[in-house]
Each structure stands twice: as C-alpha cells, then as structure tokens.
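Me: I would like to go through the labels attached to this model and see what each of them rests on. Please set the values against the cut-offs.

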Amino acid sequence: MKSTRFSRLLPAFVALAAATILVSGPVLADSAVVASDGALYEVFPARYGDVVTVPGGSFGANTPVLALRVTRSGQPSEIEIVDGTLDDQQEGSVSVEFEETTGTLFVAYTKARGFMADMHVAVRRSAVWSGRDILPNQGFYLSINPKVIVTRQQYVDFDDNGLPVTKSRSIFSLIWWEESGPSQARYAPIFVEDGELRVDAVQAWNLNELAGAQGITDPTGLPLAAFSYPAVQADPTSNGGVLVTFANLATRQQQVLRISFPDDLTRLAPK
C-alpha cells in the first residue's frame with residue numbers, strides 16, 4: 001500500500017520538476033505578494049546565469065534556482081536568489097507571504113532529493129536571508145503544495161523585571177501535503193517575537209494526529225487533486241489563530257481544524 005501511494009504522487013512530482021526547466025526570456029512568478037506600500041514580491045524559477053552576470057558557458061550558469069523579483073513603483077525591478085536554492089537540487093512548489101510590521105518576506109518551497117522532496121523555508125528581512133529545513137517524517141517522503149499565511153497575535157509575557165507586559169508577535173502558518181508512509185497534510189507555525197524570527201524552534205505537526213484520526217491512509221479511487229491541496233486561512237474569531245482544511249485519508253473525509261496559540265505566557269511559567 002505504501003509503495004502504491006508513493007507511485008501515485010511521482011507523476012505529479014515529475015511534472016513539477018519539469019515545469020522549472022526554463023528557456024531564455026521573461027518568466028511568470030510562481031507566487032507573489034503585494035506589500036501595503038505597493039511593492040511587488042515575486043518568486044519564480046530561474047537559472048543562476050539569469051540572476052547573476054557570469055561569462056557565457058561558465059560552470060553553474062545553468063544551475064536552477066528560485067529568484068526573487070522586487071518591483072517598487074517608479075523604480076526598476078531588483079532580482080536576487082532565494083536563500084538555499086543555489087545547489088544541484090531542483091526546487092518545486094512555492095508559496096510566499098509578507099509581514100508588514102517587521103518587513104519580513106517568508107518563502108516556503110519544496111526541494112527535490114532524488115525521488116523525494118522535502119519542505120524548506122527562507123526568510124528575508126532587511127535584505128538579509130535566513131533559512132530552515134522542515135524535517136519530514138521518517139522513510140520515503142514527498143512534500144508538495146505548500147501554502148503560507150501570516151497572522152498577528154497580542155500576548156502577555158514577562159518583561160526584564162519579571163512583570164507582566166503585553167506584546168505582539170507575528171505567526172507564519174505553513175501547511176503542505178506529505179507522502180511519507182501515511183499520506184497526510186502537515187502544519188508548522190513559525191513565530192516572530194520581539195522582532196526575532198524563531199526559525200530554530202520550528203516544529204511540524206501531522207494534521208491527522210491533531211484531528212485525532214490517524215491510521216492507515218488509502219487514496220484508492222481518488223484523483224490526486226482531490227486530497228493533496230490543504231489550505232489555511234486566518235481565523236477572524238481568534239487572537240492570531242488559523243483555520244486549516246485538509247483531506248484526512250484515514251477517515252476519507254474533509255476536515256477543518258481551528259488552531260490557536262497561548263496568549264498568556266505568564267500562566268505557562270513554573271510556579
């Protein structure tokens with residue numbers, strides 16, 4: 001059953017990789033976001049030589065990368081390489097989001113490793129990049145179709161003097177589909193607290209388990225598009241929380257989860 005499910009996703013992965021093989025000339029953005037000041041951020045597949053000026057025929061000029069194009073009103077576009085994509089591994093699905101308060105651009109993308117593909121995040125703030133791999137489940141794995149949004153949360157924490165203080169933080173919520181034994185959606189929240197991106201504290205969750213309905217998954221009779229596109233949106237009734245919807249192949253049902261986060265950290269401190 002496991003090998004059958006994995007083979008069902010291979011055609012989608014091959015098509016995804018083939019879509020990033022480019023010809024010279026203009027390209028369309030895979031994913032884009034517009035900031036409140038009108039700046040347009042676009043992430044798209046390119047070759048290293050399309051972004052960085054290198055002598056013709058130079059080694060590495062045709063290396064596939066993801067590029068970021070920033071276009072501001074009345075100014076020429078600026079193009080740079082997305083962190084973590086200058087290597088011999090093929091990048092695939094992309095999702096981007098921009099956080100206004102800290103001016104942080106968040107890029108989620110998949111990266112091929114042979115017949116497997118895992119999830120990566122790259123974060124750009126003040127023109128400086130940082131990145132993080134999202135660990136897959138054990139065994140063979142194939143990560144596809146990421147989607148990311150950002151929400152804001154007010155929360156209570158201790159200040160330097162040990163007194164309660166109200167703060168605000170940004171939460172990037174990343175969801176994607178992963179084939180790794182069970183076929184299931186996964187979710188990872190990434191926090192920006194006190195202006196600091198907590199990339200080092202990223203933890204991914206299996207949504208089937210969070211829904212309390214884990215077990216053997218079976219996509220028999222279902223087209224790939226029927227279950228491999230989980231979605232996430234802000235929950236307007238909560239303080240920085242999100243709503244995620246995904247196909248749970250253990251129950252063969254579409255499920256919606258409301259995910260929220262603690263907003264009084266003083267109550268979590270040991271007495």
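Reply: Two strands count as paired if DSSP finds at least two bridges between them. The model is predicted. S14 and strand S15 (residues 242-248) have 4 bridges, in the antiparallel sense, so they meet the requirement of at least two. Within this pair, Val232 stands opposite Val244 in S15.

Me: What makes strand S14 and strand S16 edge strands?

Reply: The sheet is open, with 3 strands in the order S14-S15-S16 and antiparallel pairing. Strand S14 (231-234) and strand S16 (253-259) each pair on one side only. Neighbouring strands of this sheet are turned by 20 degrees against each other on average, direction ignored.

Me: Why do strand S1 and strand S4 stand at the edges?

Reply: They belong to an open sheet of 4 strands, ordered S1-S2-S3-S4 and paired in the antiparallel sense. Strand S1 (31-34) and strand S4 (78-81) each have a single partner strand, so one side of each is left without a neighbour in the sheet.

Me: Why is the contact between Asp235 and Arg258 called a salt bridge?

Reply: The closest N and O atoms of Asp235 and Arg258 are 2.6 Å apart. The cut-off is within 4 Å, so the pair qualifies.

Me: Are Asp235 and Arg258 buried or exposed, and what decides the label?

Reply: Asp235 has a relative accessible area of 4% and is therefore buried, the limit being under 20%. Arg258 has 55% and is therefore exposed, since that label applies over 50%.

Me: Which residues do salt bridges with shared partners join into one network?

Reply: Asp87, Glu91 and Lys111 are joined in this way. The structure holds 8 salt bridges.

Me: What makes Arg152 and Glu99 a salt bridge that links distant parts of the chain?

Reply: The N to O distance between their side chains is 4.0 Å, and the criterion is within 4 Å. Arg152 is in strand S9 (residues 142-158) and Glu99 in strand S5 (residues 91-99), 53 residues apart. Glu99 is buried at 3% relative accessible area, whereas Arg152, at 35%, is partly exposed.

Me: How do you know that Glu178 and Arg186 are buried?

Reply: Glu178 has a relative accessible area of 1% and Arg186 one of 5%. Buried means under 20%, so both labels follow. Their side chains meet in a salt bridge, with 3.5 Å from N to O.

Me: Why is Asp50 called partly exposed?

Reply: Its relative accessibility is 47%. Buried requires under 20% and exposed over 50%, so a value in between is called partly exposed. Asp50 is in helix H2 (residues 48-51). The C-alpha atoms of Asp50 and Ala61 are separated by 7.8 Å, with the two residues 11 apart along the chain.

Definitions and conventions:
Residues numbered from 1 in each chain as written. Predicted model: local features only at pLDDT ≥ 70, side-chain atom pairs only at ≥ 80, totals over all residues. Heavy atoms only, no water. Helix = DSSP H or I, 4+ residues; strand = E, 2+ residues; numbered from the N terminus. Axes fitted to C-alpha atoms, helices over the stretch in contact; angles between N-to-C directions. Buried < 20%, exposed > 50% of the residue type's maximum accessible area, 1.4 Å probe, protein only.
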